[in-house]
Amino acid sequence: MKFIDPDHPFYRPLWRRLLLVGVCAAWTGVEFYNGEQTWGTVFLIVTAYAFANLILFFKPSDPAAKPPGEGGETKSEG
């Protein structure tokens, strides 16, 4: 089960991926700053997972390599 689908077009721009990881990291800091070690650890794991999937191991998929019928093309009959 994937929690983050790196092949989704939403994650293609680098700034969106960096923003998502940055927000997760900032919230991790907020939780630890407020003394909530359990929630801080949970968000630390979420941040590490997002960083690994969206930054470290990210390989953009080629939109031209989609199987036929999934690219939004319509066939006109007539």
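1. Let's start with the overall layout. The protein has two helices and zero strands. Please keep in mind that this is a predicted model. Of the 78 residues in the protein, 19% are buried. If we take the contacts between residues at least 6 apart in sequence, 56% of them join residues at least 24 apart.

2. Next, the helix pair. Helix 1 covers residues 14-33, and helix 2 covers residues 37-56. Two packed helices are described by the angle between their axes and the distance between the axes. Here the axes come within 8 Å and cross at roughly 165 degrees. Because an angle over 145 degrees counts as roughly antiparallel, helix 1 is roughly antiparallel to helix 2. The crossing of the two helices is left-handed.

3. Who makes the contact? From helix 1 the contact residues are Arg 17, Leu 18, Leu 20, Val 21, Cys 24, Ala 25, Trp 27, Thr 28, Glu 31 and Phe 32. Helix 2 brings Gln 37, Trp 39, Gly 40, Thr 41, Phe 43, Leu 44, Val 46, Thr 47, Ala 50, Phe 51, Leu 54 and Ile 55. By type, the residues of this contact divide into 15 nonpolar, five polar and two charged.

4. The buried residues of helix 2 are worth a look in your viewer. They are Gly 40, Thr 47, Ala 50, Ala 52, Asn 53 and Leu 54, and the buried residues of helix 2 pack against helix 1.

5. Thr 47 sits in helix 2 and counts as buried because its relative accessibility is 11%, under the 20% cut-off. Setting aside neighbours within four places in sequence, Thr 47 is in contact with Val 21, Cys 24, Ala 25 and Thr 28.

6. Not counting residues up to four places away in sequence, Val 21 touches Thr 47, Ala 50, Phe 51 and Ile 55. Val 21 also belongs to the largest nonpolar core, five residues in all, together with Ile 4, Tyr 11, Ala 50 and Leu 54. In soluble globular proteins, nonpolar side chains tend to be buried together.

7. Arg 16 lies in helix 1 and is partly exposed, with a relative accessible area of 28%. Arg 16 and Leu 54 are 38 residues apart in sequence, yet their C-alpha atoms are 9.5 Å apart in space. Gly 22, also found in helix 1, is partly exposed as well, with a relative accessible area of 36%.

8. Finally, a residue beyond the helices. Ser 61 lies in the segment after helix 2 and counts as partly exposed at 30% relative accessibility. Leaving out residues up to four places away in sequence, Ser 61 touches Asp 7 and Arg 12. The C-alpha atoms of Ser 61 and Pro 9 are separated by 8.9 Å, although the two residues are 52 residues apart along the chain.

Key:
Residues are numbered from 1 along each chain as its sequence is written. This is a predicted model: local features need pLDDT of at least 70, side-chain atom pairs count only at pLDDT 80 or more; totals for chains, interfaces and linings use all residues. Side-chain values use heavy atoms; hydrogens and water are left out. A nonpolar core is a set of buried Ala, Val, Leu, Ile, Met, Phe, Trp, Tyr and Cys residues joined through side-chain atoms within 4.5 Å. Buried means under 20% relative accessible area, exposed over 50%, partly exposed in between (1.4 Å probe, protein chains only). Contact means heavy atoms within 4.5 Å. Helices (H or I, at least four residues) and strands (E, at least two) are DSSP runs, numbered from the N terminus. Axes are lines fitted to C-alpha atoms, for helices over the stretch in contact, and angles run from 0 to 180 degrees between N-to-C directions. Angles under 35 degrees count as roughly parallel, over 145 as roughly antiparallel, 65 to 115 as roughly perpendicular and the rest as oblique. A crossing is left-handed if the near helix is turned anticlockwise from the far one by less than a right angle, and right-handed if clockwise. Ala, Val, Leu, Ile, Met, Phe, Trp, Tyr, Cys and Pro count as nonpolar, Asp, Glu, Lys and Arg as charged, and the others, Gly among them, as polar.
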